[in-house]
Amino acid sequence: MQGTNSREVAVELLLRIEKGGAYLDRLLASPSFQALNSRDRAFARELSAGVERWKLRLDRVINTYYTKPAAALSVEIRTVLRTGLYQLLFMNSVPDRAAVHESVEIATRMQGKRAGGLVNAVLRRVTREGEPSSWPDDPAERLSLQQSYPLWLARRWTARFGPEAAELIMRAGNERHPVFIRTNSLRVTPEALVQSLADEGYSASVIEEIPGFIAVSTTEGLFRLDAFRQGLFTAQDPSAALASILLDPQPGESVIDLCAAPGGKATHLAELMGNTGRVTALDIHSGRLGLVRESAARLGLSAVEVVEGDARTFGIAESYDRVLLDAPCMGTAVYSKRPDMKWRRTEEDMSRLTKLQKDMLENAARLVRPGGRLVYSTCSLEPEENSVQINEFLDRNSEFCPVYDTRFASFRDENGYLILPHRMYGAGAFAAGLIKR
């Protein structure tokens, strides 16, 4: 990282997202970012993720207090203003004076004294007058601005769930949540891992909703522990385990995960099978398959076989006992983990993704042996990608029928299970289990 302090680092990360389309989670996992000292990492992570999370609300403040046309602001200065505003409005531990001064200094170094003066004027006005207090009367428009979500999505959720439930979902996507890890059941028990983490100074606790998952207070240094290197755990949200548990793989079976990278579900399947049989981890992105290999090796899972291929067309002579399709989707259920995803998708993306999901699902059906099980899952809340997709699939494929799991009865949806983010620590999921007659 080229920035000389944590605020400059955050601005640099945000500019790489704005100008180059970089992904925040990958930037935060990069070796250059991880090389920063722990204090700078924590501050830059909070600031960059916070700006992405609250971008629309921050821009509303800028557009209110910047007296010239907002479009005249360069992307660099708008980014500096966003970071300054986030500190003023959302980081109570940062003194206002420090937030303003550091933002002015960064703007001046980037684009000269005039830019620094502009940033100083806008931020000082906010310290005097605060955030504008008036909000639109329309519920969707109000929620869009207050909770910083695209207006098209606020309208969808308000119409589908109602304003109150939509706000709960949005709040869950904006809140800070614990870090979740999945215990490697082949090497340690959750209780023993909690004690091991406590010995290292981490506050950790077993969660009850999904077996084998632990909530940890912070990520700082977590993935440099001996326990991680020894393969005692891996990072995964409990809602993401829904699909693997519904698939219910048995020891010795042949299983395929059709969109496997980075490997969370594939390695979970191998653990559930006692590292027996075979789990084929397929993905079209050869570079990301390296993550699957690394994770399987670290966890000691020799049953995982990594294969490059397209889930729409992949096929071999044999069929599989279990097939998992965790399909590419809009990602509207996981904004708490990936706040920049809010701004990457548009409503127009839906038709392209649902066509891709349909093609993948049809090919997945061909890979299931008679009597075998298929699970389709997404990290989306949108019915077109979930229950509608499954309903249409069942209409086309009469040899399949839904299968239900009483353990998740409270999440039952039409022909599947839908976990809303505010009911599972900020990250939701959809999954449907199907049996081939």
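Guide: What follows is a set of questions about a predicted model, each answered by setting a value against its cut-off.

Visitor: How do you know that the structure holds zero disulfides?

Guide: Take Cys-329. The closest cysteine sulfur to its own is in Cys-379, 3.4 Å away. A disulfide needs two cysteine sulfur atoms within 2.5 Å. The Cys-379 sulfur is therefore too far for a bond. The count for the structure is zero.

Visitor: Is Cys-329 buried or exposed, and what makes it so?

Guide: Its relative accessible area is 6%. Buried means under 20%. Cys-329 is therefore buried.

Visitor: What makes helix H5 largely enclosed by the rest of the structure?

Guide: H5 spans residues 55-65, and eight of its eleven residues are buried, so the helix counts as largely enclosed. Charged residues are among the buried ones, including Lys-55, Arg-57, Asp-59 and Arg-60. Leu-58, Val-61, Ile-62 and Tyr-65 are buried in H5 too.

Visitor: Which helices cover the buried residues of H5?

Guide: The cover includes H1 (6-20), H4 (38-53) and H6 (75-90). It also includes H8 (113-129) and H9 (139-146).

Visitor: Which residues of helix H10 are buried, and what covers them?

Guide: H10 runs over residues 151-161. Trp-152, Leu-153, Ala-154, Arg-156, Trp-157 and Thr-158 are its buried residues. Their cover includes H9, helix H11 (163-174) and helix H17 (349-367). Just after H10 comes Gly-162, with a positive phi of about 90 degrees.

Visitor: Why is strand E13 called mostly covered?

Guide: E13 spans residues 429-436, and seven of its eight residues are buried. Each of those has under 20% relative accessible area.

Visitor: How do you know that strand E9 and E13 pair?

Guide: Pairing takes at least two bridges. Strand E9 (residues 368-378) and E13 have six, in the antiparallel sense.

Visitor: How many bridges join E13 to strand E10, and how many to strand E12?

Guide: E10 (residues 400-403) has four bridges to E13, antiparallel. There, Cys-401 stands opposite Ile-435. E12 (residues 416-419) has three bridges to E13, again antiparallel. Here Ile-419 stands opposite Ala-429. Both counts meet the requirement of at least two bridges, so both strands pair with E13.

Visitor: Why is Tyr-425 called partly exposed?

Guide: Its relative accessible area is 29%. Buried is under 20% and exposed is over 50%. The value falls in between, so Tyr-425 is partly exposed.

Visitor: Where else does a residue other than glycine have a positive phi?

Guide: Asn-275 is one, with phi near 60 degrees. Asn-275 sits in the loop between H15 and strand E6 (278-283).

Visitor: Which peptide bond is cis, and where does its proline lie?

Guide: The bond joining Ala-261 and Pro-262 is cis, with omega about 5 degrees. Pro-262 lies in the loop between strand E5 (254-257) and H15.

Visitor: Why does Ile-214 count as buried?

Guide: Its relative accessibility is 0%. The cut-off is under 20%, so Ile-214 is buried. Ile-214 belongs to strand E3 (residues 213-216).

Visitor: What does Ile-214 touch beyond residues up to four places away in sequence?

Guide: Its contacts include Val-179, Phe-180, Ile-181 and Thr-183. Pro-190, Leu-193 and Val-194 are also among them, as are Ala-204, Ser-205 and Val-206.

Visitor: What makes up the lining of the second largest pocket?

Guide: Sixteen residues line this pocket, and Ser-185, Pro-211, Ile-245, His-268 and Leu-272 lie nearest its centre. The lining divides into six nonpolar, six polar and four charged residues. The space in this pocket is about 260 Å³.

Visitor: Which elements supply at least two residues of that lining?

Guide: Strand E1 (179-183), helix H14 (242-247) and helix H15 (264-272) each do. H15 gives the most, with three residues.

Methods: Residues are numbered from 1 along each chain as its sequence is written. This is a predicted model: local features need pLDDT of at least 70, side-chain atom pairs count only at pLDDT 80 or more; totals for chains, interfaces and linings use all residues. Side-chain values use heavy atoms; hydrogens and water are left out. Buried means under 20% relative accessible area, exposed over 50%, partly exposed in between (1.4 Å probe, protein chains only). Contact means heavy atoms within 4.5 Å. On a 1 Å grid over the protein atoms alone, a cavity is a set of points where a 1.4 Å probe fits but cannot get out, and a pocket is an open set with protein on both sides within 12 Å along at least five of seven lines; lining residues have an atom within 4 Å of a point. Grid points are joined across faces, edges and corners, and a volume is the space filled by probe spheres set on the points.
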